[in-house]
Amino acid sequence: MIWDVAVVGAGPAGLAAAHAAATAGATTVVLERATHPRYKTCGGGLIGTSLAIAEPRIETVPGRDTIDAVTFTRGGRRTFTRHARGGPLLTMVSRDDFDHAWYEAAVKAGATVRQESQVRSIAQDDETATVTLAGGEEIVARTVIGADGSAGVTSRHAGVTFDQQDLGLELELEATEQDRRDWRGRVLLDWGPFPGSYGWVFPKNDQLTVGVIMTKGHGAETKRYLRDFVAQLGLTDRRVVRDSGHLTRCRRPDSPLRSGRVIVAGDAAGLLEPWTREGISYALRSGSWAGAAAASGDLTAYEQRVERELAPEMAAGRRLLAIQMRRPMLIHAAMAMPVGWRAFEMFCRGRLAMASVIERPVIRTAVRLLGA
């Protein structure tokens, strides 16, 4: 059998791609090395952009908390909390629940999802692409969509290159009843001690997700930041449910999104916001566009849309990251100002793109002064 579309990877990008392709009438198979539901290291904060894509497609967004307040700190000090008006800023999810909801939606749309299917290699000619599985089985499709992460087979096949790599470390802590009361509806963001680093606390009902991220190559400093951060929060004695780490990689602006009949989306393409390292909205958008393009046979349309809509967002994120790396207190102060907080609110709700955030007068002035 020759499939219209074969998707490698069943995270948000891959399942959004499968849903879009199957909905458009393409015969679609998804190849996933694990079995749903499966845990994935991720902060799990859905911004409005992600909700706008997910809500019409999955039966229920499995939210574990909704956020309407943010506490900001700088190295654990200079604390202030801002409260949102007009609805929540974020919806917190656990990735095993969220991905499983997308799995069910993709199957309902008509996609075939094959789990425990490890992809070993990809080859292609003018007519088809062939995916070879670990056991030697070959899956042939007119288009392959790669969504197996930045270190995956498809990313390497497409020749994706990266200009930013970060190490994130994360703990899932068992929340006490007092923790639930203290953190319900509120997240914490801490601008960290190393240039461009930050930490977070995300409540998820019976658990607290606590993590930090900074530039790859500073493993000892990253571990120390997480240890000190947990201690400052008074959470050292909480039971650790999970302890995990992951690398995030942002694509170079000139990195390819396609090699012949193979296109890449989400993390496999290095698509995420460089400043916050938010990737779910990029995965859902790029995955949906890739699935639609594969179903139509117009793969160039996918490349053009990513360059038109996501590339400017990533460029803006790079500039904000440059500001934080040079003047972290400036970012901290901006969140305390009405204009900065309002821009942050609108971004979280999906009403203001990152490229528009950076055009706000206070941010634009900072960018100009710092040469970011």
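This is a predicted model: local features need pLDDT of at least 70, side-chain atom pairs count only at pLDDT 80 or more; totals for chains, interfaces and linings use all residues.
Me: Which strand pairs with E2, and in which sense, parallel or antiparallel?

Reply: Strand E1 (residues 2-8) pairs with E2 in the parallel sense, over four bridges. As an example, Val8 has Leu31 in E2 as its bridge partner. These count as paired strands because the cut-off is at least two bridges, and E1 and E2 have four.

Me: Let's follow the chain on to Gly44. Where does Gly44 lie, and how do you know whether Gly44 is buried or exposed?

Reply: Gly44 is in the loop between strand E2 (28-32) and strand E3 (45-46). Its relative accessibility is 2%, under the 20% limit, so Gly44 counts as buried.

Me: What is Gly44 in contact with, leaving aside its neighbours within four places in sequence?

Reply: Gly44 is in contact with Thr91, Met92, Val93 and Lys204. As for Gly63, which is 19 residues along the chain from Gly44, the two C-alpha atoms are separated by 9.5 Å.

Me: What is the order of the open sheet of three strands, and what is its pairing?

Reply: The order is E3-E7-E4, and the pairing is antiparallel. E3 and strand E4 (63-67) are the edge strands, since each pairs on one side only. Between E3 and strand E7 (residues 90-93) there are two bridges, and the cut-off for a pair is at least two, so E3 and E7 meet it. Leu46 has Thr91 in E7 as its bridge partner.

Me: Now the open sheet of seven strands. What is its order, and what makes a strand an edge strand here?

Reply: The order is E6-E5-E13-E14-E15-E12-E16, with mixed pairing. Strand E6 (77-83) and strand E16 (240-251) are the edge strands, as each pairs on one side only. From one strand to the next, the twist averages 20°.

Me: How many bridges join E12 to E16, and how many join E12 to E15?

Reply: E12 and E16 pair in the antiparallel sense over 11 bridges, with Leu173 standing opposite Val240 in E16. E12 and E15 also pair in the antiparallel sense, over nine bridges, and Glu170 stands opposite Gly211 in E15. Elsewhere in the sheet, strand E13 (residues 186-191) and strand E14 (residues 198-204) are antiparallel over four bridges, and Asp190 has Gly199 in E14 as its bridge partner.

Me: Which strands does H6 touch where it packs on the sheet?

Reply: H6 touches strand E12 (162-174), E13, E14 and strand E15 (207-215). The direction of H6 makes about 145° with that of E15.

Me: On to the rings. How many aromatic pairs are there, and why is the pair of Phe72 and Phe344 given its particular name?

Reply: The count comes to 10 aromatic pairs. For Phe72 and Phe344 the ring centres are 5.7 Å apart and the planes are at 75°. The centres need to lie within 6.5 Å, and planes over 60 degrees apart count as edge-to-face, so this pair is edge-to-face. Phe72 is in strand E5 (residues 69-74) and Phe344 in helix H10 (residues 338-348), and the pair links parts of the chain 272 residues apart. Both Phe72 and Phe344 are buried.

Me: What makes the pair of Tyr225 and Phe229 tilted?

Reply: The planes of Tyr225 and Phe229 are 45° apart, and the centres 5.9 Å. Stacked needs under 30 degrees and edge-to-face over 60, so 45° leaves tilted. Tyr225 and Phe229 are four residues apart in helix H6 (residues 219-232), and therefore about one helical turn separates them. Tyr225, at 6% relative accessibility, counts as buried, and Phe229 is buried at 2%.

Me: How do you know that the charged end of Arg285 sits over the ring of Tyr282?

Reply: The charged end of Arg285 is 4.8 Å from the centre of the Tyr282 ring, and the distance cut-off is 6 Å. Arg186 likewise lies over the face of Trp183, at 4.1 Å from the ring centre.

Me: Finally, helix H9 (residues 328-336): which of its residues are buried, and why are they placed on the same side of H9?

Reply: Pro328, Ile331, His332, Ala334 and Met335 are buried. They cover an arc of only 160° around the axis, so they lie on the same side of H9.

Conventions. Residues are numbered from 1 along each chain as its sequence is written. Side-chain values use heavy atoms; hydrogens and water are left out. Rings of Phe, Tyr and Trp (its six-membered ring) pair if their centres lie within 6.5 Å; planes under 30 degrees apart count as stacked, over 60 as edge-to-face and the rest as tilted. Buried means under 20% relative accessible area, exposed over 50%, partly exposed in between (1.4 Å probe, protein chains only). A charge sits over a ring if NZ of Lys or CZ of Arg is within 6 Å of the ring centre and within 35 degrees of the ring normal. Axes are lines fitted to C-alpha atoms, for helices over the stretch in contact, and angles run from 0 to 180 degrees between N-to-C directions. Contact means heavy atoms within 4.5 Å. The arc is that of the directions from the helix axis to the C-beta atoms.
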